[in-house]
Amino acid sequence: MRFRSKLPDIGTTLFTVISRRALEEGALNIGQGFPAYPIDPRLGAAQQAAVAEGRNQYAPMEGVVELRERIAARLAASYGISIDPLAEITVTCGATEALYDAVQAVVSPGDEVIVFDPAYDAYEPAVRLAGGRCVRIPLAPPHFRYDWERVRDHLTGRTRLIVINNPQNPCCTVAARDDLQALAALIRDLPVSVLADEVYEHVVFDGRRHASVLAHPELRERAYVVFSFGKTLHATGWRVGYCVAPAPLTAELRRIHQFNTFSIAAPLQHAIARYLEVAPDAHAGLAAFFQAKRDLLAARLRGSGLEPVPAAGTYFQLVDYRALDGGVDVDFVDRLIREAKVAAIPLSPFYADPPGMTLLRLCIAKQDATLHAAADRLRDFAARLQVP
Ligand SMILES: Cc1ncc(COP(=O)(O)O)c(C=O)c1O
């Protein structure tokens, strides 16, 4: 029997491939987005306590109630909104599952989904598995702004969903309230839902405030908004995220979630609930924490030929190597791994139709010593490539 793949062109994710290459070459991996430092010991202790207490059987399908209550309290404190923890919050296997479930809930065969490039890689496969098609609209460098007129031109009778990632990975940009206004105005009279990927909600720099779709009453009515404890608690391996949506949308999402993962690791949910009780503002220091790392890395790279691009949010930093004789970004990254012993992520694979570009994404969620060591290696390597 010949097996017919549903996603024949989708290989192992770029992040996995580059991390593997980094291991093979003994390179410092400041490409893939995972924090390389310990979690708060109180969170670890809470997990051990939950296991010892016997929280080891299936959690409720929708999520542990205490955790959902803590999430609602945190959303109220952050955005001044009232969310019903029972009817509007679902705990998922990371943000990734929430994204997948939301897409399956909304998209039917033949539907179109607007996605902005460069795009996080989980959106397109989810849309295609639902039988839909992504319409990918580029955010143009150097500022990666939304072109809402262009979005209007791409709205058709088949458009069902618009995916907005704010703060944006990999651009490190943040959407303004005006962007949300423009989006709301565009889809006001259309049967179009919104999927807001806000996993970096707390990582916005220079005194900015995150403009959540949840705080926009009109958009919130038609939105699935997705968050990740992996990002806020430096615990990506725990795979705990959640989705917030109005009750009817949540009911649809749960139809999928129920048969996808059913429920999420019980001791981890109890541990996070308990931790948020003792540290309700654990997220409050995240922006300053990452801003210091952004500033450290940017200062070390400025003038090296790997020029930092201003970053407004996320735990990434883009660098532009246009001053160097670097060639195509994917090849350049391979050289970086082999010759500089530093792994970074090229930007072109985040595009359906990549423009010629010389940008790389670095992850700043690393120990300061790692960032210094990576900067030393990158500076030395770039010095060898400088066009005289
Ligand atoms: C923009 C964006 N969305 C979603 C995710 C996935 O989050 P999780 O690890 O909680 O599944 C990531 C992880 O890197 C991300 O960068």
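This is a predicted model: local features need pLDDT of at least 70, side-chain atom pairs count only at pLDDT 80 or more; totals for chains, interfaces and linings use all residues.

Me: How many residues surround the ligand, and which are the closest?

Reply: A residue is near a molecule if one of its heavy atoms lies within 4 Å of it. Here 13 residues surround the ligand, the closest being Thr96, Asp197, Tyr200, Ser228 and Lys231. Helix H5, residues 94-106, gives the most to this shell, with four residues. Helices (H or I, at least four residues) and strands (E, at least two) are DSSP runs, numbered from the N terminus.

Me: Which distances describe the polar side chains at the ligand?

Reply: A polar contact is a pair of N or O atoms within 3.5 Å; within protein, one must be able to donate a hydrogen and the other to accept it, and residues adjacent in sequence count only if both atoms are side-chain atoms. An N or O atom in the side chain of threonine 96 is 2.5 Å from an oxygen atom of the ligand. For serine 228 the corresponding distance to a ligand oxygen is 2.7 Å, and for a polar side-chain atom of asparagine 169 it is 2.8 Å. The ligand has 390 Å² of accessible area on its own, and the protein covers 92% of that. Such areas come from the Shrake-Rupley method with a 1.4 Å probe; for residues, only the protein chains shown count as cover.

Me: Is glycine 94 buried or exposed?

Reply: Buried means under 20% relative accessible area, exposed over 50%, and partly exposed in between (1.4 Å probe, protein chains only). Glycine 94, in helix H5, has 1% relative accessibility and therefore counts as buried.

Me: How many disulfides does the structure hold?

Reply: A disulfide is a pair of cysteine sulfur atoms within 2.5 Å. The structure holds zero disulfides. For cysteine 171, the nearest cysteine sulfur, that of cysteine 172, is 7.4 Å away. Cysteine 171 is buried, at 2% relative accessibility.

Me: Which side chain does the side chain of arginine 74 contact?

Reply: Arginine 74 belongs to helix H3, residues 65-79, and is buried at 10% relative accessible area. Its side chain makes a polar contact of 2.9 Å with the side chain of tyrosine 242.

Me: Where are the cis peptide bonds?

Reply: One joins aspartate 117 to proline 118, with omega near 5 degrees; proline 118 is in the loop between strand S3 (112-117) and helix H6 (123-129). Another joins asparagine 166 and proline 167, with omega about -15 degrees.

Me: What is the phi of phenylalanine 262?

Reply: Phi is near 65 degrees, a positive value in a residue other than glycine. Phenylalanine 262 lies in the loop between helix H11 (247-260) and helix H12 (266-278), and is partly exposed at 32% relative accessible area.

Notes
Residues are numbered from 1 along each chain as its sequence is written. Side-chain values use heavy atoms; hydrogens and water are left out.
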